[in-house]
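Trainee: I would like to learn how to read a strand and a ligand site. Where do we start?

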Number of protein chains: 8
Amino acid sequence: HRTGIPEAIYGESKNIKDLAEIMVCLAEKNNVAFATRVRDIDALKKELEKYDLENFNLRINETARTFALIKKGHKIEKIGKIGILAAGTSDIPVAEEAKETAEIMGCEVIKSYDVGIAGVHRLFKPLKKMIEEDVCCIIVVAGMEGALPSLVTSLVDVPVIGVPTSVGYGVKITPILTMLHSCSPGLAIVNIDNGFGAGAFAGLIASMIYQKH
Amino acid sequence: HRTGIPEAIYGESKNIKDLAEIMVCLAEKNNVAFATRVRDIDALKKELEKYDLENFNLRINETARTFALIKKGHKIEKIGKIGILAAGTSDIPVAEEAKETAEIMGCEVIKSYDVGIAGVHRLFKPLKKMIEEDVCCIIVVAGMEGALPSLVTSLVDVPVIGVPTSVGYGVKITPILTMLHSCSPGLAIVNIDNGFGAGAFAGLIASMIYQKH
Amino acid sequence: HRTGIPEAIYGESKNIKDLAEIMVCLAEKNNVAFATRVRDIDALKKELEKYDLENFNLRINETARTFALIKKGHKIEKIGKIGILAAGTSDIPVAEEAKETAEIMGCEVIKSYDVGIAGVHRLFKPLKKMIEEDVCCIIVVAGMEGALPSLVTSLVDVPVIGVPTSVGYGVKITPILTMLHSCSPGLAIVNIDNGFGAGAFAGLIASMIYQKH
Amino acid sequence: HRTGIPEAIYGESKNIKDLAEIMVCLAEKNNVAFATRVRDIDALKKELEKYDLENFNLRINETARTFALIKKGHKIEKIGKIGILAAGTSDIPVAEEAKETAEIMGCEVIKSYDVGIAGVHRLFKPLKKMIEEDVCCIIVVAGMEGALPSLVTSLVDVPVIGVPTSVGYGVKITPILTMLHSCSPGLAIVNIDNGFGAGAFAGLIASMIYQKH
Amino acid sequence: HRTGIPEAIYGESKNIKDLAEIMVCLAEKNNVAFATRVRDIDALKKELEKYDLENFNLRINETARTFALIKKGHKIEKIGKIGILAAGTSDIPVAEEAKETAEIMGCEVIKSYDVGIAGVHRLFKPLKKMIEEDVCCIIVVAGMEGALPSLVTSLVDVPVIGVPTSVGYGVKITPILTMLHSCSPGLAIVNIDNGFGAGAFAGLIASMIYQKH
Amino acid sequence: HRTGIPEAIYGESKNIKDLAEIMVCLAEKNNVAFATRVRDIDALKKELEKYDLENFNLRINETARTFALIKKGHKIEKIGKIGILAAGTSDIPVAEEAKETAEIMGCEVIKSYDVGIAGVHRLFKPLKKMIEEDVCCIIVVAGMEGALPSLVTSLVDVPVIGVPTSVGYGVKITPILTMLHSCSPGLAIVNIDNGFGAGAFAGLIASMIYQKH
Amino acid sequence: HRTGIPEAIYGESKNIKDLAEIMVCLAEKNNVAFATRVRDIDALKKELEKYDLENFNLRINETARTFALIKKGHKIEKIGKIGILAAGTSDIPVAEEAKETAEIMGCEVIKSYDVGIAGVHRLFKPLKKMIEEDVCCIIVVAGMEGALPSLVTSLVDVPVIGVPTSVGYGVKITPILTMLHSCSPGLAIVNIDNGFGAGAFAGLIASMIYQKH
Amino acid sequence: HRTGIPEAIYGESKNIKDLAEIMVCLAEKNNVAFATRVRDIDALKKELEKYDLENFNLRINETARTFALIKKGHKIEKIGKIGILAAGTSDIPVAEEAKETAEIMGCEVIKSYDVGIAGVHRLFKPLKKMIEEDVCCIIVVAGMEGALPSLVTSLVDVPVIGVPTSVGYGVKITPILTMLHSCSPGLAIVNIDNGFGAGAFAGLIASMIYQKH
Ligand SMILES: Nc1ncnc2c1ncn2[C@@H]1O[C@H](COP(=O)(O)O)[C@@H](O)[C@H]1O
Ligand SMILES: Nc1ncnc2c1ncn2[C@@H]1O[C@H](COP(=O)(O)O)[C@@H](O)[C@H]1O
Ligand SMILES: Nc1ncnc2c1ncn2[C@@H]1O[C@H](COP(=O)(O)O)[C@@H](O)[C@H]1O
Ligand SMILES: Nc1ncnc2c1ncn2[C@@H]1O[C@H](COP(=O)(O)O)[C@@H](O)[C@H]1O
Ligand SMILES: [Mg+2]
Ligand SMILES: [Mg+2]
Ligand SMILES: [Mg+2]
Ligand SMILES: [Mg+2]
Ligand SMILES: [Mg+2]
Ligand SMILES: [Mg+2]
Ligand SMILES: [Mg+2]
Ligand SMILES: [Mg+2]
């Protein structure tokens, strides 16, 4: 059984017409087409009405700015559970991008947002739940000072994937540096705002576990 | 079954006397004591002769600058296979630090060094072997331009952990940036020269798989 | 025989009226006028209608944002073949700027786009063709991680000219650094997004070969 | 009543002879002479034997690299209690420099070291004690990722003074950035390794409280 | 008696509808709701008309872009006097944000603006007045070269809180660096433009003094 | 006819024993072995005496820190003329490394040193000579402000290869930036101090010309 | 006789109404009011019509974005000659700001634009003229690579004031670095785009000479 | 009358033998030879004993690390008065290098050291004296925060030349940035630690005044 990462279309720099065309084409080829950073979800939906898509379901996440076409009847094989934490409310779009990516790869996602250092008392309960639910890794999204992934890593024994974000004011490289210099072993990171990359990486870990069974 | 990362002692900034004392103390408590970045392996060996260590085996890797005390009879549980690649010969010490860390956590390590972009034809065979041997993740160590992890990630479907190194001349932050900006999903990184962090992260992935069986 | 670089007009910071005037003036003096980074191709075309240009042909590349006036009957002397590769689709405008520049200097250009590290299997065929066609150098355009020029350099024996681009998200200086720190000898670079500079440099190499015959 | 910061002599760039002379001269003028960053404590002690110092007590802190001469009988007025926390053992010299500075200004210092994010369970007890002892502010010293001051600030209601340190490997500016971008209000910082500045600032707060009584 | 920092709502990234809702909710819970970085004061005022707020007073500072709802009859306890200085006229919004924050915590604020290094003769009189009025600390806001906090610190014996600002042209990190490298002890800083953080920190100092009486 | 870049051994990080062994081994295989950045030329010479090298000639350049073994009777095919300029006397070692590399590839080198901007009147004569001698490209080595390559490029019609150097005091990245931002088309650069890379690139240009005859 | 720099009003961040009011007020007090970085010259002119300004002349430079009110009959004392050079056409606005500033201080200005390194043959004639006309200093404005000030300094014996500009693409700090690292003594610089600062500094030199007569 | 800058020999990177030879040669040609950054003054003196120098006087400044040979009877023409200020004692070597350079060009120098922001009350008297003595410009040397030049510029009407220094700990680029961003017009700067450049620039101003008489 081979479980890779579905080819994702990076919507940011594409016009809606091209984007729609690429999606339909991929969906027909692979059963699934998955676009991220879609700048105008509504416009894309409208554009897709020009195509004959009655054999496809739409899966849209406005916060994550993701958009998927999935062949009716196509079943995404379940590969394992992961956790996703976000420090502040502005980190949520990146966290949701990670969630959508992991789910389209077959993961079950347990999530908890707004649990950053400034309100650290809110962290412990959802974290405990994730461990009890036996997640195989945790994605931790944080901007500003970016200290949450390091704290989480020191509290749990599963691999933690840090995602620095560019939210808030100040020097954008700060949370990257904080996470790279973490003293708690068990943390690896992806680039700033790269929820897709984090979700894909987590999906691969889950997939490894699934394959080895 | 609980499989975390063994407490590691960072030798870089400690004098030999203190280092030896901490190691003996930890070894007695945990069966295993593991020190990294030991500045003078021979001096440490000599200093340890002052202690009664007949119940312990030494495990020393001069290239990695690691040093472990392991209680005789203590068995490290096997938790899974990982791969380690290094781009240039100067990246080997960091790769070996990762290897020692992963092995002490119970991993079996398949390694191949000097397979960087400049001699890319040497890469394909060992990479194929790793996949056939079913490694659950691959650590890729590279300095200078740091492009190897990205290439490897585009060729395989297991999670890749990039380790930028500070070898060679030039701007030390280069391989960090290259790896963070990789276009191939499936790559996460640790800090520059952090072989220990990469080994520990890989060990946790292997451990997750092992636990889920 | 003297073959230099045609004086190019940098359109970015010029208003259309001035730009048109300078172009007509240069075209009359030199037979050729070549503008890059034209912000509004249509506006320029319209503005030029005010001039009597029946003795001139227009050569327009919308993707490259270049615009040339060429005296009817003026023949650009052919000076040699070069190759141009682009890593991602967003690198194409810079690659096309290089192409236009090289062609206006008399080069024949063989090009192949979307052959970056993330889809590296698409690289080998077009690269082989370039070598068989005996190009005298290859321009390689890449953004994000910027690793493609280094890989190409390790595979071929012609001089490679790297062009870092500012496409995508993240730290814009990354591909400059990656290319400067390449371990494969045979690579030199121009500034970020400087397709014109790369095309001119490649044109000079081709011109040298042409002159020495 | 006027309570400022005692003039401190920066020992780092002074030779021992000059340093000794300046200290004796200041001690005679002000009853107290306080030197920081003394490079060779023993050499300074020896050099001071050449002077007639029977009316002075020495106050030496080898870890902090501070050295004070205090007139016998001179009483430093007590001005209030402060707390000092250090994340790792390598942060201790900076923490001790802060402690010496605050004490020479009349503060009582409650300290607790090695309570960083990687071993965060060790933090809560000493922090609780500081609050119960009614400290008027807390100095938090941390290197590497520098996340501890932010966490402490989110847990207490007294002003927190962050001191980034340059210990460990990696990008030295990281803990400065982490602390500046903290989301927890109630934190201000001094420059990297500036234990003296933090101690002096804390001393001024304590002194304000003392004066207003 | 417990005096912390009132929960502040960061308005920058919130839409007016959500902002209004959060404010009303907080105001009812805590008697006070305090929003900073409100992008459109008028729109917020209008939106709030939809709610029944007859038991609340509005407190609006257009320059500071702050907006507070305060329960009628609720009395903010007075906790002490602080000073605020601003170097240039463009630093005033940040200074006013600090002022509003400190006042809502119960501080009395003495302020003086446009007293920077370029017109340094205007500094001495207001500074003298602050000292005579017995402020417990001084906030100094400055952009561009950012040298004012350092000068003020060398002239007074109260703690000084520097706030670098991003006003003017040039390298935005300059005033942060200038303030961190000040040679005058008694200065600590918050992040660029963080008037809220400075006001909160000053409020905590005042609160400490108030509590110890 | 195939003319690539001879495999070069990077001596900087190798001990003399290993270096000697690799050289002898390569020399026997390829007729030529070429080492750069040799830290101790004399020690290497001495170490090589242990081998039977009577069939080899030594080619040593102390300034360039290069060392070559060339089989007696082996003839390096002549491939073309290049020019090398150095701005200051401290740039000479890098210029000489470029020269050695180009010569071992078969180039004839015309060189002129100490002709930088500060003594710009010394530049014109040697530059004129290079053009008259029909060099196919010019390597220009410069540190500090790094402005010479740009000036040379504006004066000649052959491709110019800029080599920034790390000589002198100040910000080491300056000449890289200056060269990348040159307004004169016809310039490409290699990394700081990379004389080897520049020589190899120039050699490839010469080789292209040679092959096309 | 005392000749300082006239108080300049920085127009960038002021609204037109405030700007007009400040100008009228200053003009009445000092005979001269001088505003730089005026964002909308026409709007300012219109706004000033609301005031009774029949005793004042307007002096407007649209390129420089400067605007002055000068009392009729007020004579600006002549203080000496200076030169101004600009490398590219995009540097002209900054050069003109310098010119206006110097002229309002009483300087006679000899100027020559578009004489940068890429067209260096155009430099020598105007430079010679400046020297023959006995200018007391030369302002040299340059962006991109910023190499012109260094070249000019190596050719003349009067003080040269470099002004880096932010024109063109690329790393904005480049011309600052190039100028600071110049090897030609006799060069000092002001901040990026600071034509006002350069003009004022040149005016002070001219004024010194004038005063010493 | 022509008064340029005497050719200076940069001693830092030269061995004593070469340095001595160049100095003797220059001294014989120009009557004066002037070396800066001499690493070993005594060794140079000793080496020079090998030459016949009875017609020359030595002028040595150990603090400045400058060394001059001056033909007996050669008279340096007096060209004017300048002022030099240094903020801290560690800035003195740079200030002295400026002084030696200015004096060898014929300036009379009035100097005052240790008058930085942290002890700002010491500044006013020597500054007043310089103005009364009619200096034609003032060099201000400062490290750390680098705020002194800006303050001095706001207090006087002569041109000020700022020299950032690398003394103290912290981010070395800080005083460069502070000085470039000064709000006080009348300040220009040279590179970090470039006392020679500042002295030469001041000498040129003095020389201009002298020539215009
Ligand atoms: N949100 C995202 N963040 C980072 N990379 C992405 C994202 N979405 C897609 N990609 C990658 O972008 C590439 C597709 O780019 P394109 O061909 O322009 O659609 C693939 O390599 C994807 O793995
Ligand atoms: N002006 C401000 N500058 C910096 N932080 C602020 C500001 N206003 C509010 N905050 C912080 O932002 C957080 C509230 O963010 P939010 O939950 O998005 O409203 C709290 O931690 C506040 O302490
Ligand atoms: N002086 C040099 N500068 C940069 N790269 C070099 C230099 N000398 C050799 N190399 C490259 O270094 C690699 C050989 O490294 P090594 O295997 O460590 O000897 C080859 O890719 C060479 O092309
Ligand atoms: N174009 C300019 N560039 C830099 N500084 C300027 C400029 N114009 C005016 N200034 C300075 O800005 C200050 C006036 O600012 P303001 O009070 O906001 O008008 C004075 O110190 C001037 O010296
Ligand atoms: Mg963990
Ligand atoms: Mg992969
Ligand atoms: Mg090649
Ligand atoms: Mg708190
Ligand atoms: Mg003070
Ligand atoms: Mg040219
Ligand atoms: Mg000159
Ligand atoms: Mg002044």
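Mentor: Start with handedness. A crossover is right-handed if, with the strands pointing away from the viewer, the path from the first strand over the helix to the second runs clockwise. Helices (H or I, at least four residues) and strands (E, at least two) are DSSP runs, numbered from the N terminus. This is a predicted model: local features need pLDDT of at least 70, side-chain atom pairs count only at pLDDT 80 or more, and totals for chains, interfaces and linings use all residues. Residues are numbered from 1 along each chain as its sequence is written, chains are lettered from A and ligands numbered from 1 in the order written, and side-chain values use heavy atoms, without hydrogens and water.

Trainee: Which elements make a right-handed β-α-β unit with β8(F)?

Mentor: β7(F) (residues 138-142) and helix α5 (residues 148-155) of chain F form one such unit with β8(F). Helix α6 (residues 174-180) of chain F and β9(F) form another with β8(F).

Trainee: Is β8(F) enclosed or open?

Mentor: Buried means under 20% relative accessible area, exposed over 50%, partly exposed in between (1.4 Å probe, protein chains only). Five of the five residues of β8(F) (residues 160-164) are buried, so the strand is largely enclosed by the rest of the structure.

Trainee: Which chains surround ligand 1?

Mentor: A residue is near a molecule if one of its heavy atoms lies within 4 Å of it. Residues from chains A, B and C surround ligand 1, so the site is shared between chains. Among them are K14(A), C183(B) and Y169(C). A polar side-chain atom of K14(A) lies 2.7 Å from an oxygen atom of ligand 1.

Notes: Polar contact = N/O pair within 3.5 Å; in protein donor to acceptor, adjacent residues only side chain to side chain.
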